[in-house]
Amino acid sequence: MKLCWLDLRAVGAAKQAIIEEAVHQRVDGVVSDDVADFAGLPPTVKKVLLLAGRKLPEEFTGADVVIVGQEHPSTAELSLAHPEVEFGTFVEIVDKPTLDLACDAAAKERWSVLLFRDPTKIPLEIVLAAADRATGSNITVAADVEEAEIIFGVLEHGSDGVMLAPKAVGDATALKIAATAEPGNLELVELTVTDTTHVGMGERACVDTCTHLREDEGILVGSHSKGMILCVSETHPLPYMPTRPFRVNAGAIHSYTVSAGGRTNYLSELRSGGKVLAVDIKGDTRVVTVGRVKIESRPLLSINAVAPNGTVVNLILQDDWHVRVLGPGGVVLNSTELKAGDTVLGYLPTEDWHVGYPIAEFCLEK
């Protein structure tokens, strides 16, 4: 879980409303240079006193964490003098010497708060590499939520947290959403194929992602929202053509797939820059970016399968041998060779969907 700190130092008249939103959204920390801003905050919110460039007070009553700049004594000395408070270091990175300071702080300090002045994320990559085995937490300052999303993903690991100065009510909510974007795990089930049928011509969609997908990874696709089958990426060798490890030959354009945030999309709705959920045979997931969707007219094959609970699942794919789905253990199954009794991996959402959102309502699909 990524940490979210809200910096209140430059917040104006909306401060109280933003604090209330922060508490409601369960942000991890509230940052200020005035302990009065911490009054009334619940113990679940870490109270962070940021004193970089300012004189140290005699005591830190009301603060859980105190962040100091390079002008102050070492945090080790401060911790001995004030054992009731955690200390960390603030570093503004503008050149090689300050980058070295940031690497040292991220590797050794309990807390390091880092402000990068250059737009490139290469200095942050260097700091994250230097702190790879560190036990402390590094918090990177973000200008807005969009930058926070990037910071969370640098080197796949990202910073442990982001500090954001909210410009308006709503920023705390958006930051929390960005911090919890990891989709987690889906419980896949084994589906038993009951029959396959050649259903004639139609449009199918290849989903080309911006990610090198693994051999045991693909996307979930189904004709109905109640059940989907795991379609494998084109990472496995094919005759007559090279592998395309970024692609999933996914299915007919009416089909559902699972996207970021737990939503569904029709394959026909996906666009360049959109997000879709990549899923492996263990149910582990990651959000990947859509590079393009290639829709072409092809012969289609309908596959029916049944889940252990009796749910019927349908998938309509391109009717060609090289279009594949995944079975238990990562077995790659050519769709045109599937027969009754074969086992494929799938997913059974627990809710119905309306315009891509889960909803508890009656919904009959045939």
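Ala, Val, Leu, Ile, Met, Phe, Trp, Tyr, Cys and Pro count here as nonpolar, Asp, Glu, Lys and Arg as charged, and the other residues, Gly among them, as polar. The legends below describe close-up views of a predicted model.

**Figure 1. Lining of the largest cavity.** On the classification given above, the lining residues divide into three nonpolar, four polar and two charged. They are Val232, Ser233, Glu234, His236, Leu238, Asn249, His322, Val323 and Arg324. The space inside the largest cavity comes to about 40 Å³. The model holds one cavity of 30 Å³ or more. Arg324, one of the lining residues, also lies over the face of Trp321, at 5.1 Å from the ring centre.

**Figure 2. The Trp5 and Trp111 ring pair.** Two aromatic pairs are counted in the model. In the pair formed by Trp5 and Trp111, the ring centres are 5.1 Å apart and the planes stand at 45 degrees, so the pair is classed as tilted. Trp5 belongs to strand β1 (residues 3-7) and Trp111 to strand β6 (residues 111-116), so the contact ties together parts that are 106 residues apart in sequence. Burial is assigned under 20% relative accessible area. Trp5 counts as buried because its relative accessibility is 1%, and Trp111 counts as buried because its value is 3%. Arg110 lies over the face of Trp111, at 4.2 Å from the ring centre.

**Figure 3. Strand β8 and its two parallel neighbours.** In a regular strand the side chains alternate between the two faces of the sheet. Along strand β8 (residues 161-164), Gly161 and Met163 point one way, Val162 and Leu164 point the other way, and all are buried. Strand β1 pairs with β8 in the parallel sense over four bridges. Strand β7 (residues 137-142) also pairs with β8 in the parallel sense, over four bridges. Met163 of β8 is the bridge partner of Trp5, and Val141 stands opposite Met163 as well. Trp5, with its ring in the tilted pair of Figure 2, is therefore also a bridge partner within this strand arrangement.

**Figure 4. The hairpin of strands β16 and β17.** Strand β16 (residues 285-306) and β17 run antiparallel and are joined by seven bridges. Five residues lie between the two strands of the hairpin, in which Gly310 takes a positive phi near 95 degrees. Six of the seven residues of β17 (residues 312-318) are buried, so the strand is largely enclosed by the rest of the structure.

**Figure 5. Arg26 in the loop between α1 and β2.** Arg26 lies in the loop that runs between α1 (15-24) and β2 (29-32). Its phi is positive, at about 60 degrees, although Arg26 is not a glycine. Exposure is assigned over 50% relative accessible area. With a relative accessible area of 68%, Arg26 is therefore exposed.

Figure 6. Val66 is found in strand β4 (residues 65-68). Its relative accessible area is 0%, so Val66 is buried. Val66 and Thr311 are 245 residues apart along the chain, and their C-alpha atoms are separated by 55 Å. Ala106 is found in helix α3 (residues 96-108). Its relative accessible area is 3%, so Ala106 is buried. From Ala106 to Gly291 the C-alpha distance is 35 Å, and the two residues are 185 residues apart in sequence.

**Figure 7. Overall setting of the close-up views.** The protein chain contains six helices and 22 strands. Its C-alpha atoms fill a box of roughly 80 × 45 × 30 Å, taken along the principal axes. Of the 366 residues of the chain, 50% count as buried.

Definitions and conventions: Residues are numbered from 1 along each chain as its sequence is written. This is a predicted model: local features need pLDDT of at least 70, side-chain atom pairs count only at pLDDT 80 or more; totals for chains, interfaces and linings use all residues. Side-chain values use heavy atoms; hydrogens and water are left out. On a 1 Å grid over the protein atoms alone, a cavity is a set of points where a 1.4 Å probe fits but cannot get out, and a pocket is an open set with protein on both sides within 12 Å along at least five of seven lines; lining residues have an atom within 4 Å of a point. Grid points are joined across faces, edges and corners, and a volume is the space filled by probe spheres set on the points. Buried means under 20% relative accessible area, exposed over 50%, partly exposed in between (1.4 Å probe, protein chains only). Two strands pair if DSSP finds at least two bridges between them. Rings of Phe, Tyr and Trp (its six-membered ring) pair if their centres lie within 6.5 Å; planes under 30 degrees apart count as stacked, over 60 as edge-to-face and the rest as tilted. A charge sits over a ring if NZ of Lys or CZ of Arg is within 6 Å of the ring centre and within 35 degrees of the ring normal.
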